[in-house]
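Please look at the structure below and follow the briefing alongside it, topic by topic.

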Amino acid sequence: MMKKLIRDNISKIQPYEPGKPMEVLRRELTLEGEISKLASNENPLGPSPLAIKAIQKSLGDGHLYPDNSCYQLRSRLAEHLGVSSQNLILGNGTTELILFIGMTFLNPGETFIMSESSFIMGKLVSQVLDSKLIEVPLKDYCHDFDSILKETASDTKIIYVDNPMNPIGTMATKGEVTRFMENVPDDVLIVFDEAYYEYVNQENFPNTLKFVEAAKNVIVLRTFSKLYGLAGFRIGYCIAKEGFIEAIKKVNPPFSVNRFAQIGASAALEDKEHIRKTKEMNEVGKKFLYEHLERMSVFYIPSQTNFVTIDLKTDAERISKGLQKKGVIVRTLTMYGKPTFIRVTIGTLEQNKKFIDAFKLIYQNKFSNED
Ligand SMILES: Cc1ncc(COP(=O)(O)O)c(C=O)c1O
């Protein structure tokens, strides 16, 4: 018999489905006019203008390999975060770093724990690396740390906690995280993925950098894709103790963080105006969406992020297709086992209005045969 070339666990994996790009939707539906892409939690204001300027200025250096150590950006970021630059490693997006963390720490057969409906990259990495995956059900749409602790055993290697959670939008509080850290065994690596932390507007969000400072077995992940608007440039980072950073470096292919991403990220960190406008627009847009959804008696999960997750209590794929025909792209949560939910990125005022107008028409007709 011919031997199978592709590893068994790879054949079993459901591939990750990113939000539909605007170009694809336009082609498929021959749509004209503006499309509101509210499917991937991108920054509706675009990249930081200071980042664009700095990148444009450096385009002539495109023939040169980037600085593999990201020295300048690490120094700038270290200052910004109040950590040492030895505690930082940059990656081609946080998603890549989640894979590198898996490759660095996870032996086949060891257990990877995460919550159900947490960001799917952890699950993919665990499947690729042949680890044992445990997905713990949520409690009231939040991480259930007591149940996570109950599942933790001697073969548990990594517990992945996205905080705030994507695609749910809720956050774990300082008290919850502190209690969890007090009770979790010392030989388990805790990964806090804080891709949306800059959007949090509650006081009691945990400061996980203090665990890194205390040399705990903790890795904190953050990204330039959301608040700073650099998703297309691909850049994110890990904050961890030096020993962990040095180990992750060993699996990191050379030059994975390109020159323009490094330059853009350094500039974006300084762009106070873009940061302020982004946060302000997000808060205003969130309120707008909440108000309209409440008026329609539609259930949504209050969010600490730049998106709102909605339970339509009906087939979300159908509603999503209807929205696409009206030029609005949202994300269904079918991949996350929630076929009645959609996730809507908070856009500009105009995009939010376009979503609400289209949604009103389609949702109110949900029981008719109209598509
Ligand atoms: C929790 C979480 N982590 C990481 C990412 C990906 O970030 P990056 O663009 O840096 O790969 C996302 C993207 O949506 C996310 O929701």
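Seven strands form an open sheet with mixed pairing, and their order is β2-β8-β7-β6-β5-β3-β4; two strands count as paired if DSSP finds at least two bridges between them. Strands (E, at least two residues) and helices (H or I, at least four residues) are DSSP runs numbered from the N terminus. This is a predicted model, in which local features need pLDDT of at least 70 and side-chain atom pairs count only at pLDDT 80 or more, while totals for chains, interfaces and linings use all residues. Residues are numbered from 1 along each chain as its sequence is written.

- Strand β3 (residues 111–115) runs parallel to β5 and is joined to β5 by three bridges, and Phe-112 stands opposite Ile-158 in β5.
- Helix α10 (residues 242–251) lies across β2, β7 (218–223) and β8 (236–239), and runs at about 30° to β2.

**The pair of helices α5 and α6**

- Two packed helices are described by the angle between their axes and the distance between the axes.
- For helix α5 (residues 94–105) and helix α6 (residues 121–128), the axes come within 9 Å and cross at roughly 35°.
- On the side of α5 the contact is made by Thr-95, Ile-98, Leu-99 and Gly-102, and on the side of α6 by Met-121, Gly-122, Val-125 and Ser-126; two residues are in contact if their C-beta atoms, placed from the backbone, lie within 7 Å.
- By class, this contact of α5 with α6 has four nonpolar, four polar and no charged residues, where Ala, Val, Leu, Ile, Met, Phe, Trp, Tyr, Cys and Pro count as nonpolar, Asp, Glu, Lys and Arg as charged, and the others, Gly among them, as polar.

**Backbone details in the loops**

- Most residues other than glycine have a negative phi, and most peptide bonds are trans.
- The peptide bond from Asn-163 to Pro-164 is cis, with omega near -5°, and Pro-164 has its place in the loop between β5 (156–162) and α8 (174–183).
- Asn-166 and Pro-167 are joined by a cis peptide bond with omega about 10°, and Pro-167 lies in the loop between β5 and α8.
- Asp-130, a residue other than glycine, has a positive phi near 65°, and Asp-130 is found in the loop between α6 and β4 (132–136).

**The ligand shell**

- The ligand is surrounded by 13 residues, of which Gly-93, Thr-94, Asn-166, Thr-223 and Ser-225 are the closest; a residue is near a molecule if its C-beta atom, placed from the backbone, lies within 6 Å of it.
- The residues of this shell divide into three nonpolar, eight polar and two charged.

**The four-stranded sheet**

- Four strands form an open sheet in the order β9-β10-β13-β12, with antiparallel pairing, and its edge strands are β9 (299–301) and β12, each of which pairs on one side only.
- Neighbouring strands of this sheet are turned by 35° against each other on average, direction ignored.
- β12 and β13 run antiparallel and are joined by three bridges, and the bridge partner of Arg-331 is Arg-343 in β13.
- Helix α13 (residues 316–325) lies across β12 and β13, and runs at about 35° to β13.

**The two domains**

- The domain assignment gives domain 1 (18–46 + 273–364) and domain 2 (49–271), with bounds that come from an automatic or database domain assignment.
- The C-alpha centres of domain 1 and domain 2 lie 26 Å apart, and the contact takes 27 residues from domain 1 and 23 residues from domain 2.

Key: Axes are lines fitted to C-alpha atoms, for helices over the stretch in contact, and angles run from 0 to 180 degrees between N-to-C directions.
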